[in-house]
Amino acid sequence: MTSRRYVQLDVFADRPGAGNPLAVVLDAAGLDDAAMQAIARWTRLPETTFVFAPTRPDASYAVRMFSPRREVPFAGHPSVGTAHVVLDAGLAAPVDGLLMQEGAAGVLPLRVEGDGAARTIAVRTPRATVVNEGDPAGDALLGAALAALPPGALPPALVDGGRRWWLAQVRDEAALRAATPDWDAISALARATDSMGVCAYARTPGRDYDLAVRAFVGAPAAFEDAASGAANATLAAWLKSRDALPGRDGRYVVSQGREVGYDARLELRVDDAGDVWPGGHVRTIVTGQIDW
């Protein structure tokens, strides 16, 4: 067995326990695919990441991401959380405010702003494309998956931003938060459309956040995500395409996770080039060693 540095943290959190949990294994050289998958299964967290020396000269570090079931090519909260750990460990430093993460999705920049507890990190996500707009009345699978969600102004859409999500606006925040998902229907829709499931959202006038979001993952396992950077980035791209972004100057705040015991805040930015940057604060919870 080899002892390696190990960190658990909350991503998109202003305090412990509020955000999406993540495990990070530093010094991952020598771990093969089977070992990394076994560690990710053992942590039982939504994702576990493994940090390696970069292979490209333009990258600050390299990372691989695993859920308990499979390797993940890209996800938002593991990217933001891994950057936080890399910075704290002194493995890389921002250049002109940017870290460059090498992974299965290529080399992606992460913007670092502030220091200490005030520091925020945001990742530029892969460009999203609209696959199609759905009609719940004419599509039995989609209609069943959205039956518990009173519709808002925009139609549902299937959007691919590295991971595919069905995006569904809900009439108001109260209806969104009170909704009970039909997991069988959402899973059937996810499998039939090669998507993650349904990302439902509602506008929240008068709050200190601009949108409430719930992300219902239907495949390969059924669960509600506490805080998804990738889903929210896909949603931001869709709203931008419909000239329907909330907030001001391409910036807005999302509340996610309350329905599953968390209270995450994600800060979204759509820049002048149309690129989407989901980010926020990160809190380190556990530091130590893993012997594997």
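Start by selecting W183, which is partly exposed at a relative accessible area of 27%. Buried means under 20% relative accessible area and exposed over 50%, with partly exposed in between (1.4 Å probe, protein chains only). This is a predicted model, in which local features need pLDDT of at least 70 and side-chain atom pairs count only at pLDDT 80 or more, while totals for chains, interfaces and linings use all residues. Residues are numbered from 1 along each chain as its sequence is written, and side-chain values use heavy atoms, with hydrogens and water left out.

Now show the aromatic pairs, of which the structure holds three. Rings of Phe, Tyr and Trp (its six-membered ring) pair if their centres lie within 6.5 Å; planes under 30 degrees apart count as stacked, over 60 as edge-to-face and the rest as tilted.

Select F50 and F66: the ring centres are 5.7 Å apart and the planes stand at 90°, so this pair is edge-to-face. F50 belongs to strand 3 (residues 48-52) and F66 to strand 4 (residues 61-66), so the pair ties together parts 16 residues apart in sequence. Helices (H or I, at least four residues) and strands (E, at least two) are DSSP runs, numbered from the N terminus. F50 is buried at 0% relative accessible area, and F66 is buried at 3%.

Return to W183 and F216, an edge-to-face aromatic pair with 5.8 Å centre to centre and 85° between the planes. W183 lies in helix 5 (residues 183-192) and F216 in strand 13 (residues 211-217), so this pair ties together parts that are 33 residues apart in sequence.
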